[in-house]
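Please open the model in your viewer and keep the selection panel at hand. The tour below goes from single residues to the contact between two chains.

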Amino acid sequence: MSGRIFAFPQGKGSTVGSYVIYGLAKRGVGPAAIVNSAAEGIIAVGATLAGIPLVDRFDVGGLRTGDRLIVDGTRGTLELPDVRAVHVVTALLRNQGRILIVRRSEKVGSFRGRWSAVSGYLEGREVPKTRAVREIREETGIRGAIFRAASSPVLARDDATMYVVHPFLFDVPGRRVRLDWENVEHRWIRPTDLDRYDTVPRLRDVVAAALSTSNSKSPTRTRSTRRPRPR
Amino acid sequence: MRLTKSQRHLLEGGSDAQRQAMRILLALAKLSDADRLIPVTGAHVSGASYKMIGDPGLEFLEDAARDARVVIPTTVNPLGTDLQQWQDLGIPPEFAAKQERIAAAYERMGVRPTYSCTPYHLGTRPALGEHIAWAESNAVCFANSVLGARTNRESGPSALAAAIVGATPEYGLHLDEGRRPTVVVNAPVRPRDLDFSLIGLVAGERVGDGLPFFRGFRGSESDLKWLGAALASSGSCGMFLLEGVTPEARRASRRGLPSISITRKDLDEARWQHTDGTDADLIALGSPQLSAEELRDIARRVERSPPRIPVWVFTSRAVREANPEAVATIERVGGRVLADTCLEVTLLEHRFGTVATPSGKGAHYLPTLCKQKVMRSWTRRRGRASDCPVEFSRSRREREARSAPT
């Protein structure tokens with residue numbers, strides 16, 4: 001990995017991991033930089049000991065081996081000069097434990113025939129949530145959707161295009177859907193059944209992100225979300 | 001991030017080691033959204049066993065020892081073997097030599113050569129509300145829960161950085177809100193001796209990184225040591241509360257918390273889950289290291305019923321030297337009292353296949369760290385006195401039955 005940027009979701013294991021990173025760098029065979037999705041002590045300490053720039057809170061699921069990256073460890077920024085970013089919103093609609101998925105028509109510009117959640121391109125300086133609300137109305141005809149949660153973007157890669165997906169979760173009062181031209185079919189499914197459908201890239205991660213943020217019912221007590229694991 | 005003038009000075013004009021220590025603390029502060037570093041009165045560093053940290057750790061520590069010096073009282077975790085007995089144990093000379101270099105590096109940094117995972121047995125007992133920076137999960141759990149001191153679960157390097165700077169990022173268990181319970185654990189199981197380790201193992205698995213509020217039993221300081229050590233091994237808890245016993249339990253609010261129960265059946269299941277051998281060739285006592293009372297208790301027992309297989313007892317050097325009679329008793333029946341090392345970080349696998357231990361922490365780590373079978377067997381309960389003829393503390397009922405006139 002010498003001279004290359006090492007991207008992985010997060011570190012795991014014992015403290016010796018920090019020392020290994022230190023040893024690699026000392027011998028000049030360490031990575032040029034590290035990119036993580038989630039921040040974690042072992043890697044952060046190792047990178048600090050080794051003097052390796054580290055950028056975290058970046059969804060590494062959007063990166064491909066061989067990508068060119070510009071990492072600035074001081075400012076904590078990361079650029080992909082060869083990739084075009086396209087911002088989209090995805091509104092996950094929930095009704096009594098089921099979520100809405102729609103099949104994209106042959107008239108849309110991308111991912112024709114694949115299953116997706118309600119989504120749309122962000123235009124100009126538009127506020128993502130406003131766009132999400134508008135897409136719900138246009139694509140499903142549903143009114144009275146109640147905003148529940150927004151989560152940090154998921155990166156879905158399609159060759160030289162990076163879809164920066166902003167996930168939103170809404171609860172809706174009913175299941176009546178009136179599709180517009182963008183979609184040809186709809187279904188209310190259990191989130192666990194998503195695997196059975198041919199979906200747009202990373203839809204499962206987008207759904208997981210939207211649903212995970214909604215579980216914290218009491219924002220005042222931060223630790224209360226950590227429920228005991230069921231046996 | 002707010003830094004004091006002296007912290008800023010260390011970061012910008014300190015020695016290499018001071019600058020590096022500051023950078024580690026700041027990186028961790030950033031991860032946990034801490035906005036300042038607070039002074040700590042003491043540190044306990046982990047990562048001293050060559051078996052655990054290997055050559056990369058040795059290299060780092062020797063580099064650091066060139067100019068790093070601790071500025072607060074600092075103790076350190078057990079080594080990978082007893083450096084005064086390694087030849088008798090069949091430890092490879094290369095292992096012992098590297099282990100000695102690790103110890104020497106820590107001593108050059110000014111770390112007290114305690115080589116113990118139980119600093120709280122050695123006079124290091126921070127007071128209620130005192131901020132410290134401890135690594136070693138059982139010690140962290142004991143300090144937070146039983147003593148009411150405040151520390152996060154530090155790693156080796158982060159505790160060392162805190163020792164060099166004299167401060168630690170303020171987040172988590174240093175703050176009142178980080179010390180609130182997250183789940184109520186009812187365990188009306190009338191625990192005795194080994195049950196405390198089992199409660200810890202079961203609760204840790206279910207609570208994960210939460211903060212359990214236990215109800216339904218009581219225990220001595222020694223009982224809570226075994227409970228906490230197991231809890232911090234199977235879960236990643238840094239603290240627990242026990243109703244009517246631990247100092248901060250009374251003020252803790254349980255309103256609106258989820259609650260779970262632990263039954264006798266759960267404890268039995270946990271015991272079998274951690275047993276995957278039948279014929280142990282070593283009985284290992286310790287993990288965490290035994291206190292003076294526990295060591296003397298073991299000596300009395302092995303004298304009464306000498307074990308059929310070797311017994312290794314792990315304790316600190318200080319406790320070993322203060323109790324020569326107990327040590328002599330154990331050695332007379334073929335046992336060994338090892339100091340400066342402990343069960344889960346010591347080199348065993350070169351000699352033993354299956355180890356019997358009553359320690360929940362030992363049972364949790366042995367299979368993962370040593371690739372060995374672990375067996376926990378409880379003599380009386382299973383009626384197989386040959387397997388593990390020593391238990392930790394016999395229950396009061398049994399003691400009374402024994403001393404009662406017939």
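A residue counts as buried if 20 or more other C-beta atoms lie within 10 Å of its own, and as exposed if 12 or fewer do. Please keep in mind throughout that this is a predicted model.

Begin by selecting Asp340(B), which you will find in the loop between strand 12 (336-339) and strand 13 (354-356) of chain B. Because 27 other C-beta atoms lie within 10 Å, Asp340(B) is buried.

Is Gln96(A) buried or exposed? Gln96(A) counts as exposed, because it has 9 C-beta neighbours inside 10 Å.

Return to chain B and select Ser287(B) together with Pro288(B), where the peptide bond from the one to the other is cis, with omega near -5°. Pro288(B) lies in strand 10 (residues 282-290) of chain B.

Finally, show both chains and look at their contact, which takes 29 residues from chain B and 21 residues from chain A. On the side of chain B that touches chain A, helix 2 (16-31), helix 3 (50-64), helix 7 (156-165) and helix 8 (195-207) each supply at least two residues. The largest share of that side, 7 residues, comes from helix 3 of chain B. If you colour this side of chain B by class, you will find 14 nonpolar, 10 polar and 5 charged residues.

Key: Residues are numbered from 1 along each chain as its sequence is written. Chains are lettered from A and ligands numbered from 1 in the order in which they are written. This is a predicted model: local features need pLDDT of at least 70, side-chain atom pairs count only at pLDDT 80 or more; totals for chains, interfaces and linings use all residues. Helices (H or I, at least four residues) and strands (E, at least two) are DSSP runs, numbered from the N terminus. Two residues are in contact if their C-beta atoms, placed from the backbone, lie within 7 Å. Ala, Val, Leu, Ile, Met, Phe, Trp, Tyr, Cys and Pro count as nonpolar, Asp, Glu, Lys and Arg as charged, and the others, Gly among them, as polar.
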